[in-house]
Structures are given as structure tokens and as C-alpha cells.
Amino acid sequence: MATTQPNLEQALATIAETQLLGILYDLDGTLVNTDPLHFQVWQAMLRECGLDIDEAFYQAKISGRLKPAIVQDLLPHLSPLQQQQFIEQKEAQFREQAPQLTPLPGLMKLMQWAIEQGLRQGVVTNAPSENVHHVLRSLHLEEAFDQVVIADMLGIGKPDPAPYTYALQQFDLAPKQALAFEDSPSGIRSAVGAGILTIGIATSYDPQTLYALGATLVIPDFTAPALWELLDATATGLRNEN
């Protein structure tokens, strides 16, 4: 999953054109690797409905998408009320079964670095509101972000660029002033579509898949040396501007 040197060189050239003032993070698969648990819950509940799924199916049809669209596609025979009840039961089971969650390696160091650089930080997610607050509480990050953008509250989610565009507007930032971290194809499409330099986190998908969708750099987690070389270059640019 390590990035190659040409990818890093291209990323360094791109970051040189970025006047970084804010960092935007996806939640599931980026701040914390919740995908394995989500997969297990989806698999168990869909099996009860007569549908067996594997991890490839989960990544292609479920991961990163909004829940109403998923259930409508997979269980179209359910009434709107039954679909909503299915979603609520699925998310309740996720919260009940979630172990003590831990942040992705290197996240806390990155967030502290961003504070030291005077950068604003936000979360942009397709996850349901209750899950968002549950996960942030579990990570002790409930008060850590300047804003949390939840797609359900906007009425439109990733892969549409709207959630990231809204976050930029809330921070009064141009796309070139932000950096996004995303792990899923829908998230990469959303952030890139909003014009934001996007770093892929390869917790769930092959790096080449994320590169093909427009990620500038793909890393396994926030400890990756390539990421810190990129951030060091950004910090140098910020110091020079000041």
C-alpha cells in the first residue's frame, strides 16, 4: 500500500499550489476503521432478508453510499416505512456492537500539527447523525472539530460534491485552501469534484482504485512518511507566507 516516489513528487508539486488553511476528514474508514464492523452488520441483516453478500459486494454496492439509496437498491420490495425501520435497526446494531474504537494511527499527531499551523479542521461524512456523534465520543473527539458536516442534514451526500462545497462555504475557504482525507470511491469523487486536493486512505480499497478516481496521494494511515514529507512542505510554505 506504500505510495511510489513519482506519486509523491506529483503530490509535492500540487501542494505547492495549495494555500492550506483547512483540513477536512471523512469519518468511517478515515478517522477510524469502522468498515469491518459495518460489513459484519450489513451481512448479518441482509442474510435474514435472503441476500448473501461478501466483502467485494459490500465495497461495490454499500460502502460510502447513503443508507436510503442502499436499501432501496437491495430491498426494493420493502415499503418506505419498512426500509426506514431496517436502516434504524442496522445503525442501532452497529452502535451496540461497536468495540472501544481507536483512531487511525497517526491521526492525533496530524490533528495536533494542524492546530500548531493554525488550520481549521472539519468532518464531512455520509454517516447517520447518531453514528457520527457515537464515533466521535468514542474517539474523544466530539469537541475537536470546528465543524461537522453530515450529509443527511444537507439532503444530498457523497459522491456529489455538495457536502464538501458546503464545508468550504462554512469555513469561507476556496478549494485550493483545503486538504481532504477520504477512503472510499464516493468520498474521493465528492472531494475531488469540489476541487479539493485529496489524499486517499487505503483502509478499504486498493490504492490504484483511489488514484484512478483523482486522489493526489494514497497512504495506509496518517503515519505514512510520504504524508509527513508533504505536510512539511506545506508548513514551510505557511512559514514563508507569514
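I started with helix α7, which lies across β2 and β3 and runs at about 145° to β3. For angles, axes are lines fitted to C-alpha atoms, for helices over the stretch in contact, and values run from 0 to 180 degrees between N-to-C directions. Contact means heavy atoms within 4.5 Å. Helices (H or I, at least four residues) and strands (E, at least two) are DSSP runs, numbered from the N terminus.

A note on the source: this is a predicted model, where local features need pLDDT of at least 70 and side-chain atom pairs pLDDT 80 or more, while totals for chains, interfaces and linings use all residues. Residues are numbered from 1 along each chain as its sequence is written, and side-chain values use heavy atoms, leaving out hydrogens and water.

**The sheet.** Next I looked up the strand order: the open sheet of 6 strands reads β3-β2-β1-β4-β5-β6, with parallel pairing. Strands pair if DSSP finds at least two bridges between them. At the edges I found β3 and β6 (217–219), each pairing on one side only. The twist from one strand to the next averages 20°. Strand β2 (residues 120–125) is joined to β3 by 4 bridges, and Val 124 has Val 149 in β3 as its bridge partner. Helix α6 (residues 107–116) lies across β1, β2 and β4 (178–182), at about 155° to β1.

**The rings.** How many aromatic pairs are there? I got 7, counting rings of Phe, Tyr and Trp (its six-membered ring) with centres within 6.5 Å; planes under 30 degrees apart are stacked, over 60 edge-to-face, the rest tilted. Tyr 25 and Phe 145 are edge-to-face, because their centres are 5.7 Å apart and their planes at 65°. Tyr 25 is in strand β1 (residues 22–25) and Phe 145 in the loop between α7 (129–138) and β3 (147–150), 120 residues apart. Is Tyr 25 buried or exposed? It counts as buried, at 0% relative accessibility; buried means under 20% relative accessible area, exposed over 50%, partly exposed in between (1.4 Å probe, protein chains only). Ring pairs also link Tyr 25, Phe 145, Phe 181 and Phe 222 into a cluster.

**The core.** Of its 66 residues, Tyr 25, Trp 113 and Phe 181 touch the most other members. Apart from it lies another core of 13 residues, among them Ala 178 and Ile 196.

Definitions and conventions:
Core = buried A, V, L, I, M, F, W, Y, C linked by side-chain atoms within 4.5 Å.
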